[in-house]
Amino acid sequence: MSVRRAVAMLAALLAVLFSAGAVQAASPQAGTTTRAVRSAPPTAEAAPLAAQASCTARNVSHYDAYTGRTWTRDWVCGNRAGAPLYGCGSFIAACPVIGWIDTSTSWFVCWASGAAHSGGNNIWYYTMGDRIAPGRDGNHGWGFIPAVDVWTSTDPWPGMTECNIP
């Protein structure tokens with residue numbers, strides 16, 4: 001096994017071990033709002049895709065100010081750092097980018113069917129982003145990310161709640 005692969009595997013293991021308690025805030029850019037999000041250290045991005053292609057369920061509460069709902073369970077999954085977050089599960093103009101997920105491991109509370117995306121399906125995952133786009137405070141940081149940007153081996157992730165968000 002190469003040193004690089006061993007380091008990547010160790011980073012993935014540490015990310016999983018410490019993801020439940022780590023709170024990381026993104027560095028704000030001009031005109032953006034920053035949210036604290038439970039996540040693993042950015043080194044998780046170096047993990048092999050097989051290690052990232054699963055999610056871990058947790059019994060935790062997240063208050064969603066956008067829908068007024070309290071989610072009592074989430075799933076921690078690897079994801080593409082820097083991925084845009086949309087106001088709904090679609091790329092159409094009515095659902096613009098409302099923020100970004102800066103971390104490479106994030107929590108998601110549910111999934112929804114939406115527009116087809118480059119991942120070859122129409123599944124979108126719902127979470128609170130790390131940063132809110134200027135002028136997009138209406139969603140309170142909550143939005144959808146296409147499944148292509150969430151490291152899962154199957155979509156929707158088994159056992160994850162369907163969103164049912166209008």
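What share of the contacts in the chain with a separation of 6 or more comes from residues 24 or more positions apart? The share is 62%. Contact here means heavy atoms within 4.5 Å.

This is a predicted model, in which local features need pLDDT of at least 70, side-chain atom pairs count only at pLDDT 80 or more, and totals for chains, interfaces and linings use all residues. Residues are numbered from 1 along each chain as its sequence is written, and side-chain values use heavy atoms, with hydrogens and water left out.

Start with the whole chain. It has 2 helices and 14 strands. Both are DSSP runs numbered from the N terminus: helices are H or I with at least four residues, strands are E with at least two. Of the 166 residues, 45% are buried. Buried means under 20% relative accessible area; exposed means over 50%, and partly exposed lies in between (1.4 Å probe, protein chains only). The chain exposes about 8,000 Å². Carbon and sulfur atoms supply 58% of that area. Accessible areas come from the Shrake-Rupley method with a 1.4 Å probe, and for residues only the protein chains shown count as cover.

Three strands form it, in the order β4-β7-β10. The sheet is open, and its pairing is antiparallel. Two strands pair if DSSP finds at least two bridges between them. β4 (55–58) and β10 (105–108) are the edge strands. Each has a single partner strand, so one side of each is left without a neighbour in the sheet. Neighbouring strands are turned by 25° against each other on average, direction ignored. That angle is taken between axes, which are lines fitted to C-alpha atoms (for helices, over the stretch in contact); angles run from 0 to 180 degrees between N-to-C directions.

Look next at strand β7, residues 74–78. β7 and β10 pair in the antiparallel sense over 4 bridges. Within this pairing, C77 stands opposite S106 in β10.

A disulfide is a pair of cysteine sulfur atoms within 2.5 Å. By this rule there are 3. Where does the disulfide of C77 lead? It joins C77 to C55, S to S 2.0 Å. The pair links distant parts of the chain: C55 is in strand β4 and C77 in strand β7, 22 residues apart. The link is right-handed, with 115° about the S-S bond. Both C55 and C77 are buried.

The next disulfide joins C88 to C95, with an S to S distance of 1.6 Å. The torsion about its S-S bond is about 105°, so this disulfide is right-handed. Are its cysteines buried or exposed? C88 is buried, with a relative accessible area of 19%. C95 is buried too, with a relative accessible area of 10%.

The remaining pair is C110 and C163, their sulfur atoms 2.0 Å apart. The link of C110 and C163 is right-handed, with 95° about the S-S bond. C110 counts as buried, at 0% relative accessibility. C163 is buried as well, with a relative accessible area of 1%.

How do the bonded cysteines pair when numbered in sequence order? The pattern is 1-2, 3-4, 5-6.
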